[in-house]
Amino acid sequence: NELTLTFAQHLREKEGADARLDRAIAQHGDGSLAKKLRILRKRVQGQREGGVEVCDAMPSPGMLSMNTRVYCPVCMAMSPEMVRCTVCRNVGYCSSAHREADAARHNFWCFGCEGR
């Protein structure tokens, strides 16, 4: 959406996001944080498709919007006590049942998937 594009442009032009992300990636080597930073750098640069391989063994399911920190991705409900993914703590669900229902899709995008 346009607000996201405007924000990404601000990060690149006013905050020096590319250089900051490059330094952070160099600092964290090949760990899971560096993988997240590489993906973030691609998103800030406006790349929305391809080039991001988290796990080669699985086909790519659809990504979620950024609102999954606030809304349950299964039913779009808000909850004061979100049940978070125990690996990334990024996505919140209204219940454990919805976390389990979304596990197959989320596990692809969740970092740390090498051991799954």
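How many helices and strands does the secondary structure of the chain come to? I counted 5 helices and 2 strands; helices (H or I, at least four residues) and strands (E, at least two) are DSSP runs, numbered from the N terminus. I noted the order of the elements from the N terminus as α-α-α-β-β-α-α.

Before going on, I wrote down that this is a predicted model, in which local features need pLDDT of at least 70, side-chain atom pairs count only at pLDDT 80 or more, and totals for chains, interfaces and linings use all residues. Residues are numbered from 1 along each chain as its sequence is written, and side-chain values use heavy atoms, with hydrogens and water left out.

**Whole chain**

I looked up burial: 27% of the 116 residues count as buried. Buried means under 20% relative accessible area, exposed over 50%, and partly exposed in between (1.4 Å probe, protein chains only). I then looked up contacts (heavy atoms within 4.5 Å). Of those with a separation of 6 or more, 35% join residues 24 or more positions apart.

**Helix H2**

I turned to H2, which covers residues 17–28 and has 12 residues. Its reach from first C-alpha to last is 16 Å, close to the 16 Å expected at 1.5 Å a residue; the expected span is 1.5 Å times one less than the number of residues. Which residues of H2 are buried? I found Ala-17, Leu-21, Ala-24 and Ile-25. Seen down the axis of H2, the buried residues fall within an arc of 100°, so they line one face of the helix. The arc is that of the directions from the helix axis to the C-beta atoms. These buried residues pack against helix H1 (2–13) and H3. On the face turned away from the buried side I found the exposed residues Arg-23, Ala-26 and Gln-27. Gly-29 follows H2 and has a positive phi, near 60°.

**His-106**

I found His-106 in helix H5 (residues 103–109). Is His-106 buried or exposed? His-106 counts as buried because its relative accessibility is 6%. Leaving aside neighbours within four places in sequence, I listed Cys-85, Cys-88, Val-91 and Tyr-93 as its contacts. I also checked His-106 against Pro-73: they are 33 residues apart in sequence and 9.8 Å apart in space, C-alpha to C-alpha.

**Tyr-71**

I placed Tyr-71 in the loop between helix H3 (32–44) and strand E1 (83–84). Tyr-71 counts as partly exposed because its relative accessibility is 30%.
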